[in-house]
Amino acid sequence: MFYREAGQYKTSYEADQALFPIRQDLVGIGVILLVAFVVIPLTANDFFLASIMIPFLVFSLAAIGLNVLTGFCGQLSLGTGAFMGVGAYAAYKLTTIFPDVNVVFLVLLSGFFAAFIGAIFGLPSLRIKGLYLAVTTLAAQFFLEWCFIRIPWLYNYNASGAIEIPKREMFGVVVSGAEATPLARYFVVLSITVAIAFLIANVLRGRIGRSWMMIRDMDIAAELMGIRPLQTKLMAFAVSSYICGVAGAMMVFFWLNAAEPSSYSITLSFQILFMVILGGLGSLGGAFLGAAFIWILPVALKFIPGAIGIEIGAETVEHLTFMVVGALIIFFLIVEPHGFARLWQIAKQKLRVWPFPY
Amino acid sequence: MKHVKNLALSTAVALGVAFSGVLSEAAKAEDSNYVPLLTYRTGPFAGSGIHIANGMADYLHMLNERDGGIGGVRLEIEECETGYNAQKGVECYEATKGKGALVYNPYSTGITLQLIPKASVDKIPVLSMGYGLSAAAVGETFPWVFNVPDTYWDGASVVIKYIGEQEGGRENLKGKKIGYIFLDAGYGREPIPLLEQLAEKYGFELLQYPVPGKEMQNQSSQWLNVRRDRPDYMVMWGWGAMNPTAIKEAVKIRFPMDKFIGVWWSAGEDDAAAGGAAAAGYKAMNFSGVGMDFPALQDIKKYVVDTGKVPTDPESMGGTLYNRGVLNSVIIAEGIRTAQELTGKKVITGADMRMGLESLDLTEERLAELGLSGFAHPMKVTCDDHAGSHPVFIQEWDGEKFVKVTDWIEPMRDVVRPLLEAAAADYAEKNAPWPARTEPCPN
């Protein structure tokens with residue numbers, strides 16, 4: 001009843017091929033954007049913006065990036081954290097070399113450095129597949145992390161070995177550095193994430209996205225049908241790394257303010273991979289759901305004992321959070337291996353037939 | 001199977017609803033001074049972190065129980081678990097700063113670096129006691145950051161001074177080989193510029209053995225190199241699981257333990273005990289007392305540990321790291337007390353706390369009043385110098401416990417201070433526009 005598309009006639013090809021052909025989807029996206037751009041900024045406090053929404057959006061974008069590679073093109077990667085790091089270090093170098101250039105432009109530009117590095121480390125994907133490819137991307141992770149530690153030029157010879165984000169303004173508003181308000185940072189992160197998500201949603205349903213999915217589903221068949229594996233796979237690596245690079249740059253510029261090489265360690269790669277797997281491989285909405293599960297749930301769980309008046313130590317809460325989140329991950333993966341995106345589809349189906357399920 | 005899917009769906013919906021419901025903040029209690037403690041009792045550094053966390057929390061809880069807080073106002077103490085993770089550290093900071101936080105003690109160089117630029121914006125001082133950014137000692141550039149009693153550069157200069165004494169004078173260091181094994185992160189790399197400068201000055205050779213954070217527990221290759229290079233002395237900058245591993249490896253290659261000297265963060269009993277009796281002779285710097293022979297520590301035992309108000313294991317009390325945590329809280333408490341005196345207010349703010357810390361003068365008499373006579377060297381913070389380059393002593397592991405073996409050793413201020421000033425200027429320049437100091441000097 002809530003989700004029935006019956007009666008929505010399409011009278012042109014354009015309408016039929018729209019990004020959201022069903023009116024409910026269009027309205028739903030409109031409501032989500034309205035909440036994100038208007039309701040949250042008006043109502044949320046600084047903690048909600050700075051510690052929940054900004055990281056959530058950054059992780060969502062990174063998960064979209066990995067989803068392009070793993071979910072849509074079928075190439076397993078464990079180097080996400082390092083590619084995010086390349087974006088962060090590139091953006092840091094750029095903003096210190098060109099302090100007057102708009103920082104958002106530089107963040108978007110830094111993705112190209114990550115794309116270049118990603119494409120280089122994507123080269124082995126032409127010869128090796130599956131878990132073996134995962135191992136070569138693991139090499140990228142360790143090699144790049146080593147670079148972040150060992151090449152002092154990358155962090156401007158800071159004694160601390162970390163990159164520290166200077167104050168930058170855009171249209172007279174401070175958007176990065178310690179003085180930036182969470183609200184300003186939130187709007188920048190939200191705008192970049194939404195823009196890239198829409199762009200990728202369109203790429204994925206076009207020729208390029210379809211060729212990625214052909215490679216994923218059966219590369220030999222795809223090759224026989226005229227898809228060139230070299231270009232296609234490398235493009236997937238480049239696009240994926242571009243998005244991850246932008247996410248990594250946003251992570252340090254608009255969220256953490258300073259980053260040590262360990263911020264971009266293998267742990268981050270796994271965190272993003274879990275988001276993609278839990279959210280659903282090959283689904284953009286799933287990337288957001290997965291990021292919400294992995295990032296927001298533990299933060300929210302920490303407040304539960306306090307909210308219901310139980311006094312327990314901070315470390316016990318941490319242990320409980322670990323256990324609950326771990327148990328939920330196992331539960332969801334057993335019950336629905338295709339992730340939250342699939343659950344959302346089931347929910348839509350139920351909404352469609354409600355109140356007369358058959 | 002259909003029911004299972006329904007279950008999954010309803011769980012997901014329930015989680016979504018719970019998200020929106022739970023995220024509310026607790027209101028700040030009236031008439032109390034709120035001190036958030038960023039601690040870690042989980043993760044790879046928990047072995048060191050638990051003792052620090054216990055020491056910090058216990059002393060403040062004891063003040064609440066014994067004196068009803070400070071200046072008649074109770075302390076509200078909240079721990080936030082960071083797991084030594086920079087992301088979680090920032091989350092803890094954001095979650096607690098709105099409740100009127102007075103001061104932050106991140107206990108992680110990574111988290112400290114993230115909080116330094118925020119401190120002046122949010123008007124909450126950062127107290128990184130003997131860690132963090134060495135350059136923060138320059139109060140003119142970093143009015144909101146305090147790293148009393150010492151920077152790592154002070155520590156490195158003390159080690160070289162001590163080795164010089166062992167060799168019968170610093171001129172005898174010429175031609176000696178000093179190995180430096182360190183955690184390959186900002187923390188461990190920090191002393192290198194000073195060590196290199198001293199190597200040039202005194203003509204010894206500095207050999208570096210970095211230990212990556214991931215391989216803390218597997219240092220065989222580093223120690224293989226140590227065995228090959230045969231350095232005359234080894235200096236260690238380690239933390240967490242790196243310390244016991246290094247000491248075990250040193251014992252294994254039969255490195256003369258009395259020529260192995262650790263920084264004050266490599267001075268835990270658990271660290272040295274890992275080497276067993278063979279580790280006897282291992283030395284570490286320290287600036288806080290060892291043992292339980294202090295009235296204040298007895299009060300902690302009497303008021304909060306024995307009454308079961310805190311989860312501390314009585315056995316672990318009096319250890320190096322536990323007492324370090326206590327010293328950290330003593331500085332916090334004295335900062336609050338000084339701020340109350342300066343402002344005449346009972347409930348103070350972060351800006352008042354900054355003034356209190358900047359006027360901190362922990363004299364011998366005051367330490368005796370606190371029941372901590374001889375627990376630490378008297379320390380004084382000035383507007384110019386937030387670290388103070390206070391003397392430290394060297395303690396030796398006798399196989400069962402640490403024993404103080406030297407008197408207080410003064411750091412080489414003449415070498416350290418110019419480096420600190422250069423580093424502070426460099427930081428300000430790289431983070432331009434860095435805010436100039438506008439806070440008036442309270443003393």
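Which strand of chain B does B:Glu396 lie in? Select B:Glu396 and you are in strand S12 of chain B. Before going further, note that this is a predicted model.

**Stop 1: B:Glu396 and its surroundings**

Keep B:Glu396 selected. This residue is partly exposed, with 19 other C-beta atoms within 10 Å; a residue counts as buried at 20 or more. Leaving out residues up to four places away in sequence, B:Glu396 touches B:Gly281, B:Lys283, B:Phe402, B:Val403 and B:Val405. One of these, B:Val403, stands opposite B:Glu396 in S13(B). Show S12(B) and S13(B) together: they run antiparallel and are joined by three bridges.

**Stop 2: strand S9 of chain B**

Now select residues 283-286 of chain B, which form strand S9. Which way do the residues of this strand point? B:Lys283 and B:Met285 point one way, while B:Ala284 and B:Asn286 point the other way. All four of these residues are buried. In a regular strand, side chains alternate between the two faces of the sheet.

S9(B) pairs with strand S12 (residues 393-397) of chain B, antiparallel, over four bridges. To find a point on that pairing, select B:Met285 and its bridge partner in S12(B), B:Ile394. S9(B) also pairs with strand S8 (residues 260-262) of chain B, here in the parallel sense and over two bridges. The place to look is B:Ile261, which stands opposite B:Lys283 in S9(B).

**Stop 3**

**Stop 3: two domains in chain B**

Colour chain B by domain. Domain 1 covers 32-150 + 291-380 + 422-430, and domain 2 covers 152-286 + 391-411. Taken over C-alpha atoms, the centres of these two domains of chain B are separated by 27 Å. How many residues are in contact between them? The contact involves 15 residues of domain 1 and 22 residues of domain 2. On the domain 1 side, helix H2 (46-67), helix H4 (109-122) and helix H12 (320-343) of chain B each supply at least two residues. By class, that side of domain 1 consists of four nonpolar, ten polar and one charged residue.

**Stop 4: B:Ile116**

Select B:Ile116, whose place is in helix H4 of chain B. Is this residue buried or exposed? B:Ile116 is buried, with 26 other C-beta atoms within 10 Å. Apart from neighbours within four places in sequence, B:Ile116 is in contact with B:Val126, B:Leu133, B:Ala136, B:Phe142 and B:Val145. Next pick B:Ile163, 47 residues away from B:Ile116 in sequence. C-alpha to C-alpha, the pair is 34 Å apart in space.

**Stop 5: where chain A touches chain B**

Bring chain A into view. Here 45 residues of chain A are in contact with 48 residues of chain B. On the chain A side, the elements giving two or more residues are H3, helix H12 (284-307), helix H13 (314-335) and helix H14 (339-353) of chain A. H12(A) gives the most, with eight residues. The chain A side has 25 nonpolar, twelve polar and eight charged residues.

**Stop 6: a pair of helices across the chains**

Finish with helix H3 (residues 46-72) of chain A and helix H3 (residues 86-97) of chain B. Their axes come within 9 Å and cross at roughly 170°. H3(A) and H3(B) are therefore roughly antiparallel to each other. Select A:Asp46, A:Phe47, A:Ala50 and A:Ser51 in H3(A), which meet B:Glu91, B:Glu94 and B:Ala95 in H3(B). This contact has three nonpolar, one polar and three charged residues.

Technical notes:
Residues are numbered from 1 along each chain as its sequence is written. Chains are lettered from A and ligands numbered from 1 in the order in which they are written. This is a predicted model: local features need pLDDT of at least 70, side-chain atom pairs count only at pLDDT 80 or more; totals for chains, interfaces and linings use all residues. Domain bounds come from an automatic or database domain assignment. Two residues are in contact if their C-beta atoms, placed from the backbone, lie within 7 Å. Ala, Val, Leu, Ile, Met, Phe, Trp, Tyr, Cys and Pro count as nonpolar, Asp, Glu, Lys and Arg as charged, and the others, Gly among them, as polar. A residue is buried if 20 or more other C-beta atoms lie within 10 Å of its own, exposed if 12 or fewer, and partly exposed in between; C-beta atoms are placed from the backbone. Two strands pair if DSSP finds at least two bridges between them. Axes are lines fitted to C-alpha atoms, for helices over the stretch in contact, and angles run from 0 to 180 degrees between N-to-C directions. Angles under 35 degrees count as roughly parallel, over 145 as roughly antiparallel, 65 to 115 as roughly perpendicular and the rest as oblique.
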